[in-house]
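Below are some brief notes on the fold, the surface and the charged side chains. Please read them alongside the coordinates.

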Amino acid sequence: MEVQTCGKPIDSLLEKVLCMNILSSDYFKELYRLKTYHEVIDEIYNQVDHVEPWMTGNCRGPSTAFCLLYKFFTMKLTVKQMHGLLKHEDSPYIRAVGFLYLRYAADPKTSWNWVEPYIKDEECST
């Protein structure tokens, strides 16, 4: 079963300029080679070092985290996969991308049910 979404088209979930930059970025185009949820998880583990929407420094392209988040939008995550993201212990960035997915794509009526168990989670608050 898929995570219940807000029903918006994928290209309207993020700010328009960010979305356009993600879709035109070379890095995002390279992500077409990733076919499975686990491959995307591995990519987050290996490539993400912050969860800001834009790269840092003079280059103002989309961050790897937001490119991978958009990749997840295209995959339409299942409930089991979302639980896997939120409970992942290998990297806080994997968990952060899961929470970002909920922030942007999940039905607001179900968001609290997803987030509430993590409110007092020490990993999330540090």
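How many helices and how many strands does the protein chain have?

1. The model is a predicted one. Its protein chain contains 8 helices and 0 strands, and the order along the sequence reads α-α-α-α-α-α-α-α. The radius of gyration is 14 Å, close to the 14 Å that the globule rule gives for 126 residues, so the chain is as compact as a globular protein of that length.

2. On overall dimensions, the C-alpha trace spans about 35 × 30 × 25 Å along its principal axes. Of the contacts between residues at least 6 apart in sequence, 69% join residues at least 24 apart.

3. On burial and surface, 42% of the 126 residues are buried. The protein chain exposes about 7700 Å², and carbon and sulfur atoms supply 52% of that area.

4. On charge, the protein chain carries 14 positive and 17 negative side chains. The centres of these two sets lie 7 Å apart.

5. The structure holds 1 salt bridge. The pair is E43 with R33, whose closest N and O atoms are 3.7 Å apart. E43 belongs to helix α3 (residues 37-47), while R33 sits in the loop between α2 (26-30) and α3, so the pair ties together parts that are 10 residues apart in sequence.

6. Are the two partners of this pair buried or exposed? E43 has 10% relative accessibility and therefore counts as buried, the cut-off being under 20%. R33, at 48%, counts as partly exposed, since exposed requires over 50%.

Technical notes
Residues are numbered from 1 along each chain as its sequence is written. This is a predicted model: local features need pLDDT of at least 70, side-chain atom pairs count only at pLDDT 80 or more; totals for chains, interfaces and linings use all residues. Side-chain values use heavy atoms; hydrogens and water are left out. A salt bridge is a side-chain nitrogen of Lys or Arg within 4 Å of a carboxyl oxygen of Asp or Glu. Helices (H or I, at least four residues) and strands (E, at least two) are DSSP runs, numbered from the N terminus. Buried means under 20% relative accessible area, exposed over 50%, partly exposed in between (1.4 Å probe, protein chains only). The radius of gyration is taken over C-alpha atoms; the globule rule is 2.2 Å times the number of residues to the power 0.38. Contact means heavy atoms within 4.5 Å. Accessible areas come from the Shrake-Rupley method with a 1.4 Å probe; for residues, only the protein chains shown count as cover. Lys and Arg count as positive and Asp and Glu as negative; His and the chain ends are not counted. The place of a charge is taken as NZ of Lys, CZ of Arg, CG of Asp or CD of Glu.
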